Amino acid sequence: MAHARQILARRRAAQNISKVTGTMETISAVRYRQYYHQWAEGLAFYDALAQMAYLMFTAEKPMDHPLMRPPTSKTQALLVIGSDRGLCGAYNNDLFRLLDTHLKMAKKFGRTLQIYVKGRKVLGFLDHLKIKPAKVYTEFAEVPTAAQANEIGDFFLKEYLEGRIGRLGIVYNRFYSPASQKAQTLTVLPVADLIDDLTTRSTIIWPWEQNFEDFLLSPSGEEIFQTLSEMIVRTSILGCFIEAAASEHLARVVTMRNASDNADEMIAELTKEYNRARQGQITTELLDIVSGMNAMKS
Amino acid sequence: MVELTHGLFRVILLTPKAKLLDCRAGSLVVPAHDGQRGILRNHCPMLAKLTLGILEVRQILDRPDAFYIIEGGFVRVTENHVTVLAYDAMTFEGMPAERVQQIISEAQAVLVGKEYIRTQRGQVDVRRSRLIVRMAHLAGLETAMAETPS
């Protein structure tokens, strides 16, 4: 059995770990609530956006726009949203697995991949694979501002329209609900794929009686479609960052709670062990005293 | 001002991060791409592109008028339901009074030219500052308007 002092040192270490994990859990819980609130409040926005996209798609005269035409380039852009810090369970590993699949698929079908990175952990993984990212986003911490998201969206729209990329996917942990998050790739460009995703997850498709032709449009239908597509791409990128941040903090809350529970369990075990060791030490000392006294008497 | 008596309609203001307004109002002015547009009850179905400007929601049921600076987006009018989709929106509502005063003062400083050099470097948006001062005027923050340049 270990000496009481050694057990005490181990218990102190476990207590310190418990304090750290408890604090990290609290911090992540606060941030998670903040991002969850943004996600929940934003659902109505994406529903409304999906309704407008549905309205435009159901027009009698189909829209002919460069964003709707099939891609010409074989280059695929991937925006990978990971975390800057670890200690969040399998959050990053799920992304890496997905990214690995994309790399294998690109190699198999002879496509070029351009990887855009958010998060130091993803950068580390790419370094390990000796892949140089096309760009690393460092100008914001977790979620970009509306203006920054617009800038990112505009960059990819320009790349797509000028034929430098044929597809844009965002690899991130999608936040379906507080009980379900999953790493997935959301196809943002061509925009038809994104509209398909938006309308699929929308709760109400189109509750009104009016058709596209009943609407007074300002400016023209083509310009509205162009602006709507831009809005869908830009805000979907922002939405992905919000969902990724909510998923990351929730993953960290769960991981840190488990770590705290384990540390508490260990502290309880070590306390028992320490008490046993201390009791044994006292008994030994008492026996020494008693036997010493008996020796003196005799 | 003549009160509008055409009845109320539903107004919803949505951004990717929040539902900022869901109410019944009597009139609405939106910053459309080609100028301001007024909307009353029984407006025809409409889809319009919005630009940076002030959204004015007036005669709201059970609360004072609301004003927002919106960063562009869309307005959709269907069967007396008006949905405004904006990239981002800013309002003085719910903000501490000191913060409101600070924002207005900063905007006024930009407009009178104190921030001229910063403006030249593109750090301060003059158009936005003008809108902040205008919104303060609309929201009846008269004290803040006392120093507003003409």
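Chain B exposes about 7,500 Å² of surface, and carbon and sulfur atoms supply 50% of it; accessible areas here come from the Shrake-Rupley method with a 1.4 Å probe, and for residues only the protein chains shown count as cover. This is a predicted model, in which local features need pLDDT of at least 70 and side-chain atom pairs count only at pLDDT 80 or more, while totals for chains, interfaces and linings use all residues. Residues are numbered from 1 along each chain as its sequence is written, chains are lettered from A and ligands numbered from 1 in the order in which they are written, and side-chain values use heavy atoms, with hydrogens and water left out.

Chain B has 150 residues, and 49% of them are buried (buried means under 20% relative accessible area, exposed over 50%, and partly exposed in between, with a 1.4 Å probe and protein chains only). Its make-up is four helices and eight strands, which are DSSP runs numbered from the N terminus (helices are H or I with at least four residues, strands E with at least two). Along the sequence they follow the pattern β-β-β-β-β-β-β-β-α-α-α-α. Of the contacts in chain B with a separation of 6 or more, 52% are between residues 24 or more positions apart; a contact means heavy atoms within 4.5 Å.

Over in chain A, helix α6 covers residues 221-297 and includes A:Ser247. Neighbours within four places in sequence aside, A:Ser247 touches A:Tyr91, A:Asn173, A:Arg174, A:Phe175 and A:Gln181.

One of those partners, A:Arg174, also forms a salt bridge with A:Asp197, the closest N and O atoms being 3.3 Å apart (a salt bridge is a side-chain nitrogen of Lys or Arg within 4 Å of a carboxyl oxygen of Asp or Glu). This pair links distant parts of the chain, 23 residues apart: A:Arg174 belongs to strand β4 (residues 167-177) and A:Asp197 to helix α5 (residues 191-201). Both A:Arg174 and A:Asp197 are buried. Side chains of opposite charge can pair when their charged atoms come close.

In helix α2 (residues 91-109), A:Asp94 and A:Arg97 are three residues apart, so about one helical turn separates them. Their salt bridge has its closest N and O atoms 3.5 Å apart. Here A:Asp94 is partly exposed at 28% relative accessibility, and A:Arg97 is exposed at 56%. A:Glu159, A:Glu162 and A:Arg164 join up in a salt-bridge network. Over all chains, the structure holds 16 salt bridges.

A:Asp261, A:Asp264, A:Glu265 and A:Glu269 gather in a patch of negative charge on the surface. Patches are made of residues with over 30% relative accessible area and no salt bridge, like charges being joined within 9 Å and nonpolar side chains (Val, Leu, Ile, Met, Phe, Trp, Tyr) within 5 Å. A:Asp261 lies in helix α6 and is partly exposed, with a relative accessible area of 42%.

A:Thr112 lies in strand β2 (residues 112-118) of chain A and is partly exposed at 47% relative accessible area. Apart from neighbours within four places in sequence, A:Thr112 contacts A:Lys74, A:Thr75 and A:Gln76.

Conventions. Lys, Arg positive; Asp, Glu negative; His and termini not counted. Charge placed at Lys NZ, Arg CZ, Asp CG, Glu CD.
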